[in-house]
Amino acid sequence: MTEEIFEDLKARMEKTLESLGRDFKKIRTGRATPALLDNLTANYYGTQTPLTQMASITAPEARLLVIQPWDASAISEIEKVILKSELGLTPQSDGKVIRINIPPLSQERRKELAKMVKKNAEEAKVAIRAIRREANDTLKEQKKAKEITEDACAKAEVQVQKITDGYVEKVDKAAAAKDKEILAF
C-alpha cells in the first residue's frame, strides 16, 4: 500500500521538476536557442499554431536565431507574435527568412532573470512540499483506518521526507545551473 504512495509521490515530484525545466527554458540567457520560441503561437489560417509547427527554427550563431517559415505568407504573423512576446526581441525579415539578433543582456537584466529563476525554483519547492504533505496525510489516514501500523506509518513518513529532500536538492541544482548560465556572460 505504501509503495503506491511512494510511486505517486515520485511521479508527481518528477512532473514538478519537468515543469520547472520548461520554465527555465523560457528564460533568456543571452545565447540564441530555438527553445526561446517554444511557447509562442501565431494565427495561421484561423488557428493558433505553435511556431515550431510553422517554421524551421535554428541558431546558426551564438547570438542569432533564424526562422524559415514553410509558408512565406505566415512571415508577418510570426513577426507580430515575436514582437508582442515578453522576450524583448526584434525580428528582421527579408520576405523569406526571419532573423533575430539576440542582444547581450545588461547586468540589470541578468539580475532580474536571476530573481525569476529563484522565484520559479521556490514555487517548485512549494509544490514539492505540498505533494509531501498530501502523501503524509494519506499515510495518516491509512494508519487511522488501521490499514498500516504506527511503526510502518513512521517509517513511511521518513521515506517520504528522504524522497522530498532529494527532489528539493534537484530543484536547487537546476536553479544554480540556470543562475550560472545567466550570470556567466
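K146 lies in the loop between helix 4 and helix 5 (150-184), where helices (H or I, at least four residues) and strands (E, at least two) are DSSP runs numbered from the N terminus. This residue has a positive phi of about 60 degrees although it is not a glycine, and at 74% relative accessibility K146 counts as exposed, the term exposed standing for over 50% relative accessible area, buried for under 20% and partly exposed for values in between (1.4 Å probe, protein chains only). The structure is a predicted model, in which local features need pLDDT of at least 70 and side-chain atom pairs count only at pLDDT 80 or more, whereas totals for chains, interfaces and linings use all residues. Residues are numbered from 1 along each chain as its sequence is written, and side-chain values use heavy atoms, with hydrogens and water left out.

A positive phi of about 55 degrees is also found at Y45, again not a glycine. Y45 belongs to the loop between strand 1 (41-44) and strand 2 (47-50), and is exposed, with a relative accessible area of 65%. Most residues other than glycine have a negative phi.

The protein chain contains five helices and six strands, which from the N terminus on follow the order α-β-β-α-β-β-α-β-β-α-α. Its radius of gyration, taken over C-alpha atoms, is 22 Å, well over the 16 Å that the globule rule gives for 185 residues, so the protein chain is more spread out than a compact globule; the rule is 2.2 Å times the number of residues to the power 0.38. The C-alpha trace spans about 70 × 40 × 25 Å along its principal axes. Of the 185 residues, 38% count as buried. Among contacts (heavy atoms within 4.5 Å) between residues at least 6 apart in sequence, 64% join residues at least 24 apart.

The largest pocket has a volume of about 410 Å³, a pocket being an open set of points on a 1 Å grid over the protein atoms alone, where a 1.4 Å probe fits, with protein on both sides within 12 Å along at least five of seven lines, and lining residues having an atom within 4 Å of a point. The volume is the space filled by probe spheres set on the points, which are joined across faces, edges and corners. Of the 15 residues that line this pocket, K26, I27, E86, L87 and M116 are the closest to its centre. Helix 4 (residues 107-144) supplies the largest share of the lining, five residues.
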